[in-house]
Amino acid sequence: EVRRALEVEAARLAATRATPEDIQGLRSLLAKRGNWLGHEMDNDRFVADDYQFHLGIVKAAHNRALLETYQFLSHAVNETIASTLEVDIPEPDRAAHEALVDAIATGSPSTADKAIRRFMTPILNALPGAPGK
């Protein structure tokens, strides 16, 4: 829930503040991240690359306090990413990640907000202790 709150605000701010270089940087980070192909992959590398992509969104928000808060919580964020690879929590695919970048690139905070919520909701719903579980 905390990660979603931070990433929703980051995406909303990035939609209004991201430069063309920021958007290109996100697309480059996404290309490096690739797609998780299952347990035959190097999970540590994938988690690190996925974190860098999400950190890139926060950086594109151009809000120092938000960035420092996200970096402070980096261990927990990385654990959340890793948990989607190890247990029955849905790992959003590359298309879902591309949709985030595309939403930010529109320049519309509401479009970015909707995209990040669509992205994060299945993860939150699958976590132990989620409402209704």
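Which residues in α1 and α3 meet? In this predicted model, R3, E7, A10, A11, A14 and R17 on the α1 side meet H54, I57, V58 and A60 on the α3 side. By class, the residues of this contact comprise 6 nonpolar, 1 polar and 3 charged. The axes of α1 and α3 lie 7 Å apart, and the packing angle is about 55 degrees. Angles under 35 degrees count as roughly parallel and those from 65 to 115 as roughly perpendicular; α1 and α3 are therefore oblique to each other. Their crossing is left-handed.

Helix α1, which spans residues 2–17, also packs against helix α4, residues 64–72. Here the angle is about 145 degrees and the axes are 11 Å apart. The crossing of α1 with α4 is left-handed. In α1, the residues that take part are R3, L6, E7, E9, A10 and L13, and their partners in α4 are L66, T69 and Y70. This contact is made up of 5 nonpolar, 1 polar and 3 charged residues. R3, E7 and A10 are listed in the contact of α1 with α3 and also in the contact of α1 with α4.

The volume of the largest cavity is about 40 Å³. Its lining consists of R3, D50, H54, I81, T84, E91, P92, H97, F119 and I123. Two or more of the lining residues come from each of α3 (43–60), α5 (74–86) and α7 (109–126). The lining of this cavity contains 4 nonpolar, 3 polar and 3 charged residues. Two of the lining residues, R3 and H54, also belong to the contact between α1 and α3.

At least two lining residues are supplied by each of α1, α5 and α7. The pocket lining divides into 9 nonpolar, 2 polar and 3 charged residues.

In α1, R3 takes part in the contact with α3 and in the contact with α4.

How values were computed: Residues numbered from 1 in each chain as written. Predicted model: local features only at pLDDT ≥ 70, side-chain atom pairs only at ≥ 80, totals over all residues. Heavy atoms only, no water. 1 Å grid on protein atoms, 1.4 Å probe; cavity = no way out; pocket = protein on both sides within 12 Å on 5 of 7 lines; lining within 4 Å. Points joined across faces, edges and corners; volume = space filled by probe spheres on them. Helix = DSSP H or I, 4+ residues; strand = E, 2+ residues; numbered from the N terminus. Nonpolar A, V, L, I, M, F, W, Y, C, P; charged D, E, K, R; others polar. Axes fitted to C-alpha atoms, helices over the stretch in contact; angles between N-to-C directions. Left-handed = near helix turned anticlockwise from the far one by under 90°. Contact = heavy atoms within 4.5 Å. Parallel < 35°, antiparallel > 145°, perpendicular 65-115°, else oblique.
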